[in-house]
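Let's explore a protein model together, one question at a time.

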Amino acid sequence: MLAGYLLVTEANRGDPFAEHELGLRYLVGQGFAADTVKAVYWIRRAVDKNLPAARFNYGILLYNGIGVPWNPFEAYNNFKIASSSGLPEAQFAYGILMTDNLTVNRDYGGAYKLFKSAAKAGY
């Protein structure tokens, strides 16, 4: 209970790591009642501060239409930004989008480079 209070306090102070963590906890119902609206709110606040992990997770929400309207193009942009920061999970997701020919023209060579980079990082 104290940990949840401290997390909310830090998130309300504007700490992007706390905002992102709080959003994830609302998303999965860990320590807080599951609430997709609150999850999106807190994750989006961390995205606005350009936290790469938040951009990756927000991209997942956008790509799957979880708590937000389905928007693969905005998801693509978030994966691309998170990928450029070196986040292996985002590199993998960005690579997947480069193979499906939906949001961007198919580019197997670019996708391979992203997959290779993610794999090198252990993902």
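Q: Does Ser83 count as buried or exposed, and at what relative accessibility?
A: Keep in mind that this is a predicted model. Ser83 is found in helix 5, which covers residues 72–84. A residue is called buried when its relative accessible area is under 20%. Ser83 therefore counts as buried, at a relative accessibility of 6%.

Q: Which residues does Ser83 touch, not counting residues up to four places away in sequence?
A: Contact here means heavy atoms within 4.5 Å. With residues up to four places away in sequence left out, the residues that Ser83 touches are Ala90, Gln91, Tyr94 and Leu114.

Q: What separates the C-alpha atoms of Ser83 and Tyr63?
A: Along the chain, Ser83 and Tyr63 are 20 residues apart.

Q: Is Gln91 buried or exposed, and at what relative accessibility?
A: Gln91 was one of the residues touched by Ser83, and Gln91 is found in helix 6, residues 88–100. The cut-off for buried is under 20% relative accessible area. Gln91 therefore counts as buried, with a relative accessibility of 8%.

Q: Which backbone nitrogen does the side chain of Gln91 reach?
A: Let's start from the contacts of Gln91. Not counting residues up to four places away in sequence, Gln91 touches Ser83, Gly86, Leu114, Ser117 and Ala118. One of these is reached by the Gln91 side chain at 3.5 Å, and the backbone nitrogen belongs to Ala118.

Q: Why is helix 6 described as roughly antiparallel to helix 7, and at what angle do they pack?
A: Helix 7 covers residues 108–120, and its axis is 8 Å apart from that of helix 6. Angles over 145 degrees count as roughly antiparallel. Helix 6 is therefore roughly antiparallel to helix 7, as the two pack at an angle of about 160°.

Q: How many nonpolar residues does the contact of helix 6 with helix 7 have?
A: Helix 6 brings Pro88, Gln91, Phe92, Tyr94, Gly95, Ile96, Met98 and Thr99 to this contact, while helix 7 brings Tyr108, Gly110, Ala111, Leu114, Phe115, Ser117 and Ala118. By class, the contact of helix 6 with helix 7 has no charged residues and five polar ones, and the number of nonpolar residues is 10.

Q: At roughly what angle do the axes of helix 1 and helix 2 cross?
A: Helix 1 spans residues 2–12 and helix 2 spans residues 16–28, and their axes come within 8 Å. Helix 1 and helix 2 are oblique to each other, and the crossing is left-handed. The angle at which their axes cross is roughly 130°.

Q: How many charged residues are in the contact of helix 1 with helix 2?
A: Leu7, Val8, Glu10 and Ala11 of helix 1 meet Ala18, Glu19, Glu21, Leu22 and Arg25 of helix 2. Sorted by class, the residues of this contact include five nonpolar and no polar ones, and the charged residues number four.

Q: Which helices do the buried residues of helix 1 pack against?
A: In helix 1, the buried residues are Gly4, Leu7, Thr9 and Ala11. These buried residues of helix 1 pack against helix 2 and helix 3.

Q: What is the phi of Asn50, and where is its place in the chain?
A: Most residues other than glycine have a negative phi. Asn50 is not a glycine, although its phi is positive. The place of Asn50 is in the loop between helix 3 and helix 4, and its phi is about 65°.

Q: Which residues is Asn57 in contact with, leaving aside its neighbours within four places in sequence?
A: Asn57 lies in helix 4 and counts as buried at 18% relative accessibility. Leaving aside neighbours within four places in sequence, the residues in contact with Asn57 are His20 and Leu24.

Conventions: Residues are numbered from 1 along each chain as its sequence is written. This is a predicted model: local features need pLDDT of at least 70, side-chain atom pairs count only at pLDDT 80 or more; totals for chains, interfaces and linings use all residues. Side-chain values use heavy atoms; hydrogens and water are left out. Axes are lines fitted to C-alpha atoms, for helices over the stretch in contact, and angles run from 0 to 180 degrees between N-to-C directions. Helices (H or I, at least four residues) and strands (E, at least two) are DSSP runs, numbered from the N terminus. Angles under 35 degrees count as roughly parallel, over 145 as roughly antiparallel, 65 to 115 as roughly perpendicular and the rest as oblique. A crossing is left-handed if the near helix is turned anticlockwise from the far one by less than a right angle, and right-handed if clockwise. Ala, Val, Leu, Ile, Met, Phe, Trp, Tyr, Cys and Pro count as nonpolar, Asp, Glu, Lys and Arg as charged, and the others, Gly among them, as polar. Buried means under 20% relative accessible area, exposed over 50%, partly exposed in between (1.4 Å probe, protein chains only). A polar contact is a pair of N or O atoms within 3.5 Å; within protein, one must be able to donate a hydrogen and the other to accept it, and residues adjacent in sequence count only if both atoms are side-chain atoms.
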